[in-house]
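The following exercises concern one protein chain. Please examine the sequence and the structure before working through each solution.

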Amino acid sequence: MAEQPKPTRPPTSPLKNFFAGGFGGVCLVFVGHPLDTIKVRLQTQPKPLPGQPLLYKGTFDCFRKTVTTEGVRGLYKGMAAPIVGVTPMFAVCFFGFGLGLKLQQKTPNEVLTYPQYFAAGMLSGVFTTAIMAPGERIKCLLQIQAASGEAKYAGPLDCAKQLYREAGIRGVYKGTVLTLMRDVPASGMYFMTYEWLKRILTPEGQNFNDLSVPRILFAGGMAGIFNWAVGIPPDVLKSRFQTAPPGKYPNGFRDVLRELIREEGVMSLYKGFTAVMIRAFPANAACFLGFEVAMKFLNWLAPSL
């Protein structure tokens, strides 16, 4: 009996990963931004005065109040910043992953170990920080501005200009260390989980390219779940730090961490957990499906690239 072919991936092309990843990122934003808005508002809502209730009781209460007061468009506040940033950011993310794979592969078709996939994913997290940190800063400020009713910033570009005018480039990149703390391990888990599930879900005798759309959606969605299971605590700290008034946390994330645990307990590090997890599956399923579709098109368009 002939030996069944083992699951393999096509030769790694960081350049194709770059373009396919950008398309996947656009798919992710359109699907996931509404729940990202809710997540940030839950994470940054002010502490109520004694005897007063929280502004938002939870994910569904935040969703209801946002739609009631601002309409469906309120769920998409601040989306211009991630749309502008997400294409290059996810392009660079998938490029970093592809480069991490290529640096570790001895032969073009070699299937790497899961720790090697994790390492390649961590490299992608480092690559994206330069784009992610300012985009996250602007997005968070616009999202909480919409909730507070203030109108300090006219939009993403105006927000960036004001931040630069007030504090220079450091003001725009506030929260970079926390972005690294979130994205490096979370990206490692993200890509490792996706590759692990692709390998499990690949039918015997077929390769990764033969996966059906539902299986790609499942693998991508679960990768998003595992990503955020690792990334939520530093994400909470990042959102608080990036939206705080200047000088509130002179020692950086350590002050944010101490304040949160002292005032709200350890579970405050998982604020927005429900919104994150509800968003993570469909958004990342859409991202990886977009990536795989774009990659197949690029392989057809330029098979030798």
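**Exercise 1.** How far apart do the end C-alpha atoms of residues 117–135 lie, and what percentages of the span are helix and strand?

*Solution.* The model is a predicted one. Step 1: the end C-alpha atoms of residues 117–135 are 26 Å apart. Step 2: this span is 100% helix and 0% strand. Step 3: the unreviewed UniProt entry labels residues 117–135 as "transmembrane region", together with 18–35 and 74–97. Step 4: residues 18–35 are 100% helix and 0% strand, with 26 Å between their end C-alpha atoms.

**Exercise 2.** Determine where UniProt lists "repeat: Solcar", and describe the span 211–297.

*Solution.* Step 1: according to the unreviewed UniProt entry, this feature covers residues 12–103, 112–200 and 211–297. Step 2: residues 211–297 are 78% helix and 0% strand. Step 3: the end C-alpha atoms of residues 211–297 are 15 Å apart.

**Exercise 3.** Describe the largest pocket and its lining.

*Solution.* Step 1: the largest pocket holds about 890 Å³ of space. Step 2: its lining consists of 33 residues, and those nearest the centre are Arg137, Leu141, Thr243, Ala244 and Pro245. Step 3: the elements giving two or more residues to this lining are helices H1 (14–44), H4 (114–148), H5 (156–172), H6 (176–201) and H7 (213–243). Step 4: H4 supplies the largest share of the lining, six residues. Step 5: sorted by class, the lining has 16 nonpolar, nine polar and eight charged residues.

How values were computed
Residues are numbered from 1 along each chain as its sequence is written. This is a predicted model: local features need pLDDT of at least 70, side-chain atom pairs count only at pLDDT 80 or more; totals for chains, interfaces and linings use all residues. Side-chain values use heavy atoms; hydrogens and water are left out. On a 1 Å grid over the protein atoms alone, a cavity is a set of points where a 1.4 Å probe fits but cannot get out, and a pocket is an open set with protein on both sides within 12 Å along at least five of seven lines; lining residues have an atom within 4 Å of a point. Grid points are joined across faces, edges and corners, and a volume is the space filled by probe spheres set on the points. Helices (H or I, at least four residues) and strands (E, at least two) are DSSP runs, numbered from the N terminus. Ala, Val, Leu, Ile, Met, Phe, Trp, Tyr, Cys and Pro count as nonpolar, Asp, Glu, Lys and Arg as charged, and the others, Gly among them, as polar. UniProt positions are given in the numbering used here, feature names are shortened, and annotations may be inferred rather than shown by experiment.
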